[in-house]
Structure formats: structure tokens, C-alpha cells
Amino acid sequence: MVDHRPFGQTGVRISSLTLGAMNFGQRGNPDHEDGIRIIHRALDGGINAIDTADVYSQGESEQIVGKALAGGRRDEVFLATKFHGQVGDNPQHRGNSRRWIVRAVENSLRRLGTDWIDLYQAHRPEPDTDFDETLGALTDLVRQGKIRYIGTSTFEPSAIVEGQWLAQRRGRERVVSEQPPYSILAREIEREMLPVAQRYGLAVIPWSPLAGGWLSGRYHGGLDAPISRRADRLPARFDPTRPANAAKLAAVDKLAALADEAGLSLIHLAIAFVLEHPAVTSAIIGPRTMAHLESQLDAAKVTLSREVLDRIDAIVAPGTTLNPADAGYQPPSLADPTRRRRGAPSPHLAGVTR
């Protein structure tokens with residue numbers, strides 16, 4: 001059984017675990033019927049929130065979720081999806097502009113087989129698009145009844161505050177939630193983002209509480225640990241020979257030992273840690289198989305003692321992200337050198353793409 005928590009100040013309550021659908025479709029599990037079974041098991045287990053995105057397997061994830069809810073289960077689910085990433089080959093089919101948002105939401109509604117989306121989220125910031133442009137389009141969608149609430153994902157604290165200011169000064173619908181990366185190995189959001197969310201009454205639904213699989217219980221044993229299949233595709237985050245990832249391996253070994261002492265699986269320790277923070281509403285779990293789901297469902301029942309939490313803090317200090325590549329977003333001020341070099345050509349004029 002999963003408990004239910006207030007979704008910010010909306011009056012809605014959602015389960016403390018949210019089913020993330022990123023791994024449904026060609027990106028993860030291509031078997032639609034299996035995906036539907038996993039979704040139904042999660043709902044039967046007390047989960048009432050599902051999170052997906054239009055870019056997950058290029059819309060296939062949304063289609064699977066839609067099929068799973070088609071048998072009369074739509075009304076019982078708090079359904080969230082996202083826009084921003086490129087869908088298809090057309091470079092115009094992406095971003096946070098009004099032009100794309102009004103098209104993207106219709107595409108998502110069709111794939112999900114629903115008339116409304118409970119939470120529609122900007123998947124990442126887009127600093128070159130006026131945030132008021134984005135909020136204006138989303139406000140219109142709320143007033144048209146196509147979406148209920150507006151959220152963001154992996155936004156910086158300053159952008160979250162800007163969104164609240166725009167809502168007040170420009171008469172826009174307010175952003176009510178943020179979806180950041182958060183795990184024992186990636187704790188940067190404890191410094192500022194989580195306190196900002198608390199100050200403005202935002203719901204927080206973190207992604208990757210298992211740190212991309214590092215805290216699944218599979219990857220420990222130092223450099224002799226099994227190598228993730230993602231090491232070739234995303235070496236900055238998963239190549240164990242890189243110093244930042246070697247630091248994660250060392251921390252995982254200590255955390256695995258702590259979990260054993262506490263009589264817990266590492267998975268339960270990791271998810272329970274995320275749920276312990278008072279700013280967190282619901283942790284997103286992203287199973288690819290039924291076994292993955294079953295190994296995570298009961299984590300919502302776990303309460304960590306103060307001693308265990310103190311020992312976690314000793315392994316990975318509060319506010320620390322061991323590998324900066326796990327932050328999920330790097331602002332253009334850091335990623336684009338032309339933005340910090342006097343006299344460098346504008347990225348637009350130079351044809352720089354990101």
C-alpha cells in the first residue's frame with residue numbers, strides 16, 4: 001500500500017510513489033501488453049499518479065499509458081506528461097514556444113486517449129524563449145480545460161521564482177510543481193531548490209531516486225562491479241573508470257553495507273531517503289519489468305531512523321552531487337562558451353545549436 005500526500009497547495013492528493021513511464025516503448029520495454037500489465041499492477045498497488053513525456057520512445061510511452069487507462073481507469077489517475085524535447089525529425093517540433101506547445105498538447109492528448117492532462121510540464125528550461133511566452137500558452141490551455149495544472153522539470157531555483165513572479169504580475173496560471181533529479185548520490189537540490197519549493201508551496205516529484213540504476217543493488221563491488229549498458233552511450237554518467245563515477249561506486253558500496261545493517265534492500269533505502277525530505281511529494285519510479293516494479297512498491301512503507309539518515313549524510317554530504325553530470329541540466333551560461341567570452345559571436349549568428 002502506498003500513502004497519499006498533498007500535491008502542493010492544489011487540494012489534490014497523489015500517491016507517494018509515481019509510476020514513471022520512460023521505460024515503456026522501444027527505449028526500454030517494447031512489449032505493449034507487458035507495459036499495460038505493469039501499469040495495472042501499479043494502480044492496484046495504490047499508485048494513482050503516472051508520469052510520461054512526448055519524447056519517451058517518441059510518443060510510444062504515451063500510447064502505452066493511454067491503452068492501459070482505456071478500460072475505464074482514466075478517472076482514477078493523476079496523469080502527467082511533458083513537452084520540450086524534439087519529437088520526430090522536424091527541428092520545429094520541439095521547444096517551449098506557444099507555437100509548439102499548442103500542437104504538442106493535442107498530440108499528447110491523442111496518444112493518451114484522453115480529453116485532459118492533469119499536469120503538463122516543461123521538460124527542461126529554454127532560456128532563449130521568454131518564460132512568459134510559455135506560461136501564456138499554458139494558461140490558455142488551463143482555461144480551455146485541456147490541462148489542469150502547470151509544472152516544470154529540472155528548472156533552476158531562479159527560474160522557479162521567476163515563474164511565480166510572472167503568474168502574479170502577468171495574470172498567468174501558477175506553476176504548481178517541479179520535477180528535479182534527486183537521490184542519495186545527487187543531492188544538489190537540497191541547497192536551494194527544495195527550500196524554494198517549500199517557500200512557494202510547490203509539489204516536488206523527483207525523478208531518478210535510484211540514480212539511474214546506481215542504487216538498484218546491481219552496481220557495487222568497486223571497479224569489479226558489472227558495467228551498466230549505458231556506459232558506452234552516456235560515459236560521463238556511467239563509465240566507472242571516470243573519477244566522478246568511481247566516487248559513486250565507492251559510495252554505493254558503503255550504502256549497500258548500511259542497507260544490509262538496517263535490514264533493507266538498497267532500493268528501499270534509496271527511495272525511502274528521497275521520500276523522507278519534507279519538501280518531497282512523490283518519488284518517480286521507472287520500472288522496465290514487473291520484477292522491477294515489485295522490488296520498489298514496498299519502499300513507500302519504509303521509514304528510516306535518524307541514525308541511518310545521519311550515516312547516509314556521512315557517506316554523501318547534504319547538498320552534494322558526486323557527479324555534476326547527474327544534475328540533468330546545464331544552463332547555456334556554462335554549456336555555451338560564447339556566452340562568457342567578451343566579443344564572441346552570438347550563438348544565433350554563429351549557428352550554434354544545443
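**Figure 1. Helix 2 and helix 3 are oblique to each other in this predicted model.** The axes of helix 2 and helix 3 (residues 98-112) come within 7 Å and cross at roughly 45°. Helices are DSSP runs of H or I with at least four residues, strands are runs of E with at least two, and both are numbered from the N terminus. Axes are lines fitted to C-alpha atoms, for helices over the stretch in contact, and angles run from 0 to 180 degrees between N-to-C directions. Angles under 35 degrees count as roughly parallel, over 145 as roughly antiparallel, 65 to 115 as roughly perpendicular, and the rest as oblique. Glu62, Gln63, Val65 and Gly66 of helix 2 meet Ser108, Arg111 and Leu112 of helix 3, where contact means heavy atoms within 4.5 Å.

Residues are numbered from 1 along each chain as its sequence is written, and side-chain values use heavy atoms, with hydrogens and water left out. Local features need pLDDT of at least 70 and side-chain atom pairs count only at pLDDT 80 or more, while totals for chains, interfaces and linings use all residues.

**Figure 2. Helix 4 packs against helix 5.** Helix 4 (residues 131-143) and helix 5 (residues 157-170) meet at an angle of about 60°, with their axes 10 Å apart. That angle makes helix 4 oblique to helix 5. On the helix 4 side, Phe131, Asp132 and Leu135 take part; on the helix 5 side, Ala159, Glu162, Gly163, Leu166 and Arg170 do.

**Figure 3. Tyr120 and Leu215 have the most contacts inside the largest nonpolar core.** This core has 92 residues. A nonpolar core is a set of buried Ala, Val, Leu, Ile, Met, Phe, Trp, Tyr and Cys residues joined through side-chain atoms within 4.5 Å. Buried means under 20% relative accessible area, exposed over 50%, and partly exposed in between (1.4 Å probe, protein chains only). Not counting residues up to four places away in sequence, Tyr120 touches, among others, Phe83, Ile101, Val105 and Leu138.

**Figure 4. Ser57 has a positive phi although it is not a glycine.** Its phi is about 50°. Ser57 sits in the loop between strand 4 (49-51) and helix 2 (60-69), and is buried, with a relative accessible area of 13%.

**Figure 5. Ser208 also has a positive phi, near 60°.** Ser208 is in the loop between strand 9 (203-204) and helix 7 (235-238).
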